[in-house]
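Please look at the sequence and the structure shown here, and then read the report that follows. It is written for a reader who is new to describing proteins residue by residue.

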Amino acid sequence: MQHRRLGRTGIEVSEIGFGAWGIGGAMWQGAEDTESLRALHTAVDEGVNVIDTALVYGSGHSEKLVGQVVRERSERIYVFSKIPPKNMRWPSHGTLEEAFPSHHIVNCVNQSLANLKLEQLDLIQFHVWDESWLSREEWFETIQDLKRQGKFAYFGVSIDDHRPASAVELVRSGKVDAVQVIYNIFDQSPEDELFPACRQYDVGVIARVPFDEGSLTGTITPETTFPPGDWREHYFSGDRKREVFERARELEKLLGSEVETLPELALRFCLHHPAISTVIPGMRKTEHVRSNVAASDRPALSARMISELRKHRWVRNFYPEN
């Protein structure tokens, strides 16, 4: 496992981190605690030292599983979590008072620490971000106060779906240590404005959704069905399964001696960019852990391959608006 700096924090994080949304259970059907714990332990065994969770994942269940594993291990594991907006609106919606009033920030941080049974988080993040909030000082004063109390070491934001430019001014403001953003072969938009700003201001970048919720693994076909209650029923609704299947088939034409599988291609694409600190694929099974972490030990993709992948940029938004 290779490591990179998380921006100016100086933390050396594993190139592949553990995305812990799925192990929370809610919205992802089929998560089983015994297997989830096994996957977390396997990840640490394989050199993963970053786990990204959130208070809203399974209403705290993900945090509880993560905390259990972290307390059982002797290795240094960096735990990142997120504060949900008070109005529970994804993407961001409404005023700062509706989303992140000071008392809500404090309560959520304390609840996350209680779920994890840890004294300090390494990184706390707002789970959505709206650029209109940057001019307000209340949220930042609260964050600074909690940081002085030792509740967490660093602060970041998880940027709204497919809106990387919305955090550029925040990066330039110096108020954020890291940003989490959707970045994959289909959504290459963070390269336009966000990544240059992050490199200039030494802000860490956490790449999420590297597999585009599964379409970049090549496992989604027009006949794929999801269990009742699984949120991917909406994400891949209508004709979308056929669309992603056809695009994945085109990407498969690039496989060969340089890259053997689509998941490997997806992860190595994310890792090719120097702005990236860590990539956090969701992992619920041990076999997924082992195949994902292996991408860190492969050589950088060739310039020819990157040039070919540039042709697969796809501007669209499958996420629900609410």
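Is Arg-247 buried, partly exposed or exposed? With a relative accessible area of 33%, Arg-247 is partly exposed, because a residue counts as buried under 20% and as exposed over 50%. This value, like every other in the report, comes from a predicted model.

Arg-247 belongs to helix 9, and, leaving aside residues up to four places away in sequence, Arg-247 touches Phe-186 and Trp-314. The C-alpha atom of Arg-247 is separated by 21 Å from that of Leu-271, a residue that stands 24 places away along the chain.

Eight strands make up an open sheet, and they follow one another in the order 3-4-5-6-7-8-9-10, with parallel pairing. At the edges are strand 3, residues 18-19, and strand 10, residues 278-279, each of which pairs on one side only.

Within this sheet, strand 6 (residues 121-126) is paired with strand 7 (residues 152-158) in the parallel sense, and the pairing runs over five bridges. Across this pair, Leu-121 stands opposite Phe-152, which is in strand 7. Helix 4, made of residues 102-116, packs on the sheet and touches strand 5 (78-83), strand 6 and strand 7. The direction of helix 4 makes an angle of about 140 degrees with the direction of strand 5.

## Two helices that cross

Two packed helices are described by the angle between their axes and by the distance between those axes. For helix 1 (residues 33-45) and helix 2 (residues 61-72), the angle is about 45 degrees and the axes are 10 Å apart. Helix 1 and helix 2 are therefore oblique to each other, and helix 1 passes helix 2 in a right-handed crossing.

Which residues make the contact between helix 1 and helix 2? On the side of helix 1 they are Asp-33, Ser-36, Leu-37, Leu-40 and His-41, while helix 2 contributes His-61, Leu-65, Val-66, Gln-68, Val-69 and Glu-72.

## A covered helix

Helix 10, which spans residues 262-271, is mostly covered, since nine of its 10 residues are buried. Among these buried residues are Leu-262, Glu-264, Arg-268, Phe-269 and Leu-271. The partners against which the buried residues of helix 10 pack are strand 1 (3-5), helix 9 (240-252), strand 10, helix 11 (286-293) and helix 12 (303-310).

At the start of helix 10, a side-chain oxygen of Thr-261 comes to within 3.2 Å of the backbone nitrogen of Glu-264.

## Two buried residues in contact

Gln-188 is found in the loop between strand 8 (178-182) and helix 7, and a relative accessible area of 1% means that Gln-188 is buried. The side chain of Gln-188 makes a polar contact, at 3.0 Å, with the side chain of Arg-310. If residues up to four places away in sequence are not counted, Gln-188 touches Tyr-183, Phe-269, Leu-309, Arg-310, His-312 and Arg-313.

His-312, one of the residues that Gln-188 touches, lies in the segment after helix 12. His-312 is also buried, with a relative accessible area of 15%. The residues touched by His-312, again without those up to four places away in sequence, are Ile-185, Phe-186, Gln-188, Glu-250, Leu-251 and Leu-254.

## Backbone details in the loops

Most residues other than glycine have a negative phi, and most peptide bonds are trans. Trp-90 and Pro-91 are joined by a cis peptide bond, with omega at about 0 degrees, and Pro-91 sits in the loop between strand 5 and helix 3 (96-99).

Asp-202 has a positive phi, near 55 degrees, although it is a residue other than glycine, and its place is in the loop between helix 7 (194-201) and strand 9 (204-208). Asp-212 likewise has a positive phi, near 50 degrees, and it lies in the loop between strand 9 and helix 8 (232-235). What is the relative accessibility of Asp-212, and does the residue count as buried or exposed? Asp-212 has a relative accessibility of 1% and counts as buried, whereas Asp-202, with a relative accessible area of 29%, is partly exposed.

Definitions and conventions:
Residues numbered from 1 in each chain as written. Predicted model: local features only at pLDDT ≥ 70, side-chain atom pairs only at ≥ 80, totals over all residues. Heavy atoms only, no water. Pairing = 2+ DSSP bridges. Helix = DSSP H or I, 4+ residues; strand = E, 2+ residues; numbered from the N terminus. Contact = heavy atoms within 4.5 Å. Axes fitted to C-alpha atoms, helices over the stretch in contact; angles between N-to-C directions. Buried < 20%, exposed > 50% of the residue type's maximum accessible area, 1.4 Å probe, protein only. Polar contact = N/O pair within 3.5 Å; in protein donor to acceptor, adjacent residues only side chain to side chain. Parallel < 35°, antiparallel > 145°, perpendicular 65-115°, else oblique. Left-handed = near helix turned anticlockwise from the far one by under 90°.
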